[in-house]
Amino acid sequence: MTPHEPDAWEVFANGLLQYHAVLRRLSGVPPRDFAGLVIEDEEVDRLLAELPGLDGPLASQLEPARKKLAPQLEALRKRLHASVTKDTTFSRIVRNAHLNKEDTEAFAVIAAVDLGPQRQRLVGYLQDNVNATRLWLSSLEMLFPWKHPGAKVVADGSALGRAELVTITGDGPWGTRSVSLADRVAWALSGDDAPEPSLPPRSRIISSSEVRQEGDDLIAVAGADRSSRLKTAVARLKGSRFLVLPVPSTDQAWRAAIREASVSGLSIILEVETAMPEEAAEWIDRARHLPWAISSRTEPPLDVMPSRPWREYRVESGSATSEDWLDMTGSPPKRQHRLNREQLRLVSLATRSMGGDVDAAVRRLSSGHLDRLAVHVRPRRGWNDLVLPPHQERQLREIVARYRHRSTVYDTWEFRPVPSAGVVSLFSGPSGTGKTLAAEILAAELKLDMYRIDLSSVVSKYIGETEKNLEQIFDAASASNLVLFFDEADALFGKRSEVSDAHDRYANIEVAYLLQRLEMYEGIVILATNLQGNIDHAFMRRIHVSIDFPVPGEEERRRIWKLSFPEAAPTEDIDVDFLARQFKITGGNIRNAALAGAFLAAEAGTPITMEHVIRGLEREFEKLGRLRTREDFGQYLDALKERRDAPPN
């Protein structure tokens with residue numbers, strides 16, 4: 001330790017060690033033949049003179065020395081206990097761990113020996129072993145000249161043991177096992193207040209502006225989101241500083257958490273992600289000197305709760321308020337984002353890394369969790385890229401309005417969001433009519449990311465795996481209210497059938513599970529199918545907007561043909577009117593034909609001509625299984641035949 005005026009606990013420890021060293025010195029020690037392996041009398045004399053503690057020269061007789069030193073030692077003892085009310089690190093730890101007088105005396109001696117090399121030499125002298133520089137359990141039995149429990153104060157169930165302040169090492173005889181400070185305690189007494197390094201990952205210490213002296217000692221908070229539960233725990237639990245941590249997975253991590261709370265004067269808030277392990281109750285009961293809160297999404301079963309009395313609190317709503325938005329982001333809430341407090345906390349962290357872009361931070365919420373099970377689509381196209389009849393376009397814009405004005409309708413006007421504030425839409429129509437493009441445009445308009453569900457990674461032949469995968473998708477998507485796009489939705493949302501075997505039964509269970517998750521999801525779900533009749537009727541009752549995507553008419557096809565050739569693409573004499581009039585195909589086929597023609601032109605090193613586009617259309621007709629007739633291709637049919645019969649370059 002750095003030179004300083006010794007505290008009362010250090011002076012008490014000095015006096016206690018000096019007392020026994022003097023008595024041992026005066027009682028006479030038999031001559032030894034192991035020079036250097038024992039503490040010699042001359043060194044003891046020097047140590048007794050150097051350590052601040054008892055006053056006066058060595059007595060010439062054992063009993064007179066005891067009579068002279070005992071009152072001085074008693075005075076040091078009283079000074080130690082009087083100092084516990086002061087604001088020192090030692091005194092705070094004593095109060096935090098609820099140590100009684102005997103515990104405090106033992107703690108003072110153990111700490112002083114661990115931190116002072118001179119004291120360690122005296123301990124080696126008292127224990128008649130130069131290598132035994134830490135106190136033995138048997139030494140605690142003989143150190144205190146008054147009535148004292150001795151080694152019992154460091155037993156596993158003692159106050160020092162429950163607070164994890166001391167450790168007992170060694171596997172030899174009980175009496176020669178060593179007692180020492182835990183490293184975190186030694187560093188704290190030395191002036192270093194860095195947190196315990198063995199705490200579970202993502203542990204953190206938070207403070208409250210209000211000190212609750214009369215709060216609860218043990219509470220269970222359930223419901224809503226993590227941050228809302230945390231807010232309730234801080235408001236109800238005794239104390240003003242809190243150690244917030246996930247459930248420790250090892251005994252070492254449990255001990256570290258209790259030790260940190262005991263040293264720093266913290267209440268512990270335990271965040272339970274899934275089920276509360278049975279050992280948690282044992283640790284909470286063991287560290288009964290600390291206030292605890294159990295924060296979990298659901299109420300823990302009674303058989304895993306501690307035996308200590310507790311209070312329960314239910315957090316029904318975790319929606320972030322305007323005050324939460326201002327506190328965490330410095331800006332008023334954005335109405336299109338209905339975030340809970342935990343989501344808002346994460347968004348506020350990400351916003352600083354994204355140049356203050358709250359929308360980007362919201363999109364970032366769940367991208368890391370969904371990429372394994374869904375395809376991340378970053379919307380880049382707008383309304384000008386979509387060609388639909390006016391009625392269908394109005395329906396799409398209604399979906400945007402429903403999402404944007406949810407706060408007004410459900411919060412301000414107090415309509416009930418039954419069963420949730422989410423928006424479920426059904427897009428039906430032949431392949432290539434713009435269902436996926438429309439979903440992307442909706443996401444772009446609302447500044448949300450879209451995830452196209454990859455059915456191959458979701459649907460599993462193993463019982464329960466499909467539901468598990470869907471659970472992960474909906475949980476991750478709920479973090480930022482994404483647009484979930486289920487393409488070929490009838491594979492998941494198809495009609496339930498009569499149960500004739502186990503396969504039918506579990507397929508029906510999957511459908512029932514999806515119905516429940518759709519009801520709870522707060523974001524936008526889009527189901528796309530080629531045939532609306534394939535969708536189970538139970539889903540139809542939960543769909544808010546149903547849009548039929550028709551095969552485009554001639555005017556729509558003309559617009560799609562024009563949009564299919566970017567301004568930067570070189571074109572020459574493309575008869576868009578002929579293409580729109582002659583070929584009754586979907587927008588997807590049109591874009592494929594235009595793209596195929598562009599590659600043919602690039603290979604030939606010429607602008608894109610009508611011939612290239614017609615050849616691209618021929619490839620589409622081949623895929624569709626349609627004949628190439630004079631009625632369709634007109635004067636271009638002969639050119640196609642000549643090109644097809646010509647030898648390759």
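Predicted model: local features only at pLDDT ≥ 70, side-chain atom pairs only at ≥ 80, totals over all residues.
Some ground rules. Local features need pLDDT of at least 70 and side-chain atom pairs count only at pLDDT 80 or more, while totals for chains, interfaces and linings use all residues. Residues are numbered from 1 along each chain as its sequence is written, and side-chain values use heavy atoms, with hydrogens and water left out.

Side chains of opposite charge can pair when their charged atoms come close. A salt bridge here is a side-chain nitrogen of Lys or Arg within 4 Å of a carboxyl oxygen of Asp or Glu. How many salt bridges does the structure hold? There are 31.

Take arginine 286 and aspartate 156, whose closest N and O atoms are 3.2 Å apart. Arginine 286 is in helix H12 and aspartate 156 in the loop between helices H7 and H8, so this pair ties together parts 130 residues apart in sequence. Helices (H or I, at least four residues) and strands (E, at least two) are DSSP runs, numbered from the N terminus. Arginine 286 is buried at 16% relative accessibility, whereas aspartate 156 is exposed at 52%. Buried means under 20% relative accessible area, exposed over 50%, and partly exposed in between (1.4 Å probe, protein chains only).

Next, aspartate 216 pairs with arginine 311 at 3.3 Å. Aspartate 216 sits in the loop between strands S4 and S5 and arginine 311 in strand S9, 95 residues apart. Aspartate 216 is buried, at 14%.

Last, arginine 558 and glutamate 555 meet at 2.7 Å, N to O. Both lie in helix H25, three residues apart, about one turn of the helix. Arginine 558 is buried at 16%; glutamate 555 is partly exposed at 46%.
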